[in-house]
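Work through the exercises below with the sequence and the model side by side. Try each task before you read its solution.

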Amino acid sequence: MNRRSLYIAVGIALVLCAALPAAGFAGYNLVYFVREQLLSSPTPTPEAVTPIPSATATPAPACGGPPAMFVLLIGSDSRANNYLAGLADSIRVVRVDFVDPGLTYLVFPRDLYVEIPGISSHGGITHGKLNQAYLYGNPGFNYYDGPGQGPGLLALTLEHNFGAHPDHSVAVNLQSFEHIVDQLGGLDISLPYTVDGRVARSRDLDRYFPAGQLHLDGYRAMLLARMRPNGDLERARTQNLILQAFAAKFLKPATLPKLPALAETLYDSVQTDLGPDEIAELLCLGALLDPADIQPLSFPDELLIGKRIQDPVLGNTSILDADFDQLREYVRHFNEGTWPVSASATPIAPSP
């Protein structure tokens, strides 16, 4: 693998891990590794750390980055080794703050029923589930003429409906997820509840996950991430547990010797528009973070209403409905870095 490939791939890995509560200051080990392996080259590279002024009203962004960077993280349900098609099974937007170093990520439920802009010329489609925007934008459907293919159309849909503003995107499909977990030697997860994804009378133990401490290989981790016997909101919480376990395993010192092979897997099998400059800024910022600087966010459950509708493409299907004005208000706070502390318990009223 050449220097640029390894640089981008390890940086993408840091983005995936840094958006998790378990990442913490251990990210410094990854930065150190990248510096040793990559930055010894005479090729000019960004400064390792730009100090933040302590006596100014508006500190300069750290690491030469923008004040804030928003990265759309997508888990695709495609089992192929490409990104021609596939729905967005998992959707999160990460806010990377370079002024007051930290990260927050907001989960967008995949079943929110939204307006998908710019594709009405294809069968009159104007609406669908949020996860369909990613499908329609990728080359398998190619309904979207703008930049970024599936991630681009999903980002545009998030902006159109909720006022989110992703600057960049990273998508990982099921096959890549399995390979990454297996290269890490599996995941250790503490599951607080039983997840049983078996159909009636099935004895398939691969789809049964008892509460407690579990060690999962890539296949089992993938299955657990996809199952939703108790609905999509609980699945999103389970996915967060898996991501925390992934971050904890990835950032262990014993994992460092595996990074070149892992980086090869990432570089060859992710869909992203992150370039070397953004990766350098993210790697630099990782050394400044501790666990208190990383926060997961979600819309209050009571704002999300399950119902069934008749959709021209999906037919009779279940969706999540909501007051989008309220959701936009939450997203506005997220964009500004002012998410209310009580948001998980008390919905906030939209601005007049």
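## Exercise 1: A covered helix

Helix H3, residues 130-137, is mostly covered, with eight of its eight residues buried. Helices (H or I, at least four residues) and strands (E, at least two) are DSSP runs, numbered from the N terminus. Buried means under 20% relative accessible area, exposed over 50%, and partly exposed in between (1.4 Å probe, protein chains only).

Before going on, note what you are looking at. This is a predicted model, where local features need pLDDT of at least 70, side-chain atom pairs count only at pLDDT 80 or more, and totals for chains, interfaces and linings use all residues. Residues are numbered from 1 along each chain as its sequence is written, and side-chain values use heavy atoms, with hydrogens and water left out.

**Task.** List the residues of H3 that are buried.

**Solution.** Step 1: go to H3, residues 130-137. Step 2: read off the names. The buried residues are Leu-130, Asn-131, Gln-132, Ala-133, Tyr-134, Leu-135, Tyr-136 and Gly-137.

## Exercise 2: The surroundings of Leu-154

**Task.** Find the helix that holds Leu-154, decide whether Leu-154 is buried or exposed, and list what Leu-154 touches.

**Solution.** Step 1: Leu-154 sits in helix H4, residues 149-162. Step 2: Leu-154 counts as buried because its relative accessibility is 0%. Step 3: leave out residues up to four places away in sequence; Leu-154 then touches Leu-72, Ile-74, Ala-88, Ile-91, Leu-130, Ala-133 and Tyr-134. A contact means heavy atoms within 4.5 Å. Step 4: look back to H3, where Leu-130, Ala-133 and Tyr-134 are among the buried residues. Step 5: check the C-alpha atoms of Leu-154 and Gly-137. They are separated by 7.6 Å, and the residues are 17 apart along the chain.

## Exercise 3: The disulfide

**Task.** Which cysteines form a disulfide, and what is its handedness?

**Solution.** Step 1: apply the rule, a pair of cysteine sulfur atoms within 2.5 Å. The count comes to one disulfide. Step 2: the partners are Cys-63 and Cys-284, with sulfur atoms 2.1 Å apart. Step 3: the torsion about their S-S bond is about -75°, so the disulfide is left-handed. Cys-63 is in the loop between helix H2 (27-38) and strand S1 (68-76), and Cys-284 is in helix H9 (residues 276-286), so the pair links distant parts of the chain, 221 residues apart. Step 5: check cover. Cys-63 is buried, with a relative accessible area of 5%. Cys-284 is buried, with a relative accessible area of 5%.

## Exercise 4: Aromatic pairs

**Task.** How many aromatic pairs does the whole structure hold, and what kind of pair do Phe-162 and Phe-324 form?

**Solution.** Step 1: rings of Phe, Tyr and Trp (its six-membered ring) pair if their centres lie within 6.5 Å; planes under 30 degrees apart count as stacked, over 60 as edge-to-face and the rest as tilted. A search finds nine aromatic pairs. Step 2: the ring centres of Phe-162 and Phe-324 are 4.9 Å apart and the planes lie at 45°, so this pair is tilted. Step 3: Phe-162 lies in helix H4 and Phe-324 in helix H10 (residues 324-336), so the pair ties together parts 162 residues apart in sequence. Step 4: Phe-299 and Tyr-330 form an edge-to-face pair, 6.2 Å centre to centre with 80° between the planes. Step 5: ring pairs link Phe-108, Phe-162, Phe-299, Phe-324, Tyr-330 and Trp-339 into a cluster.
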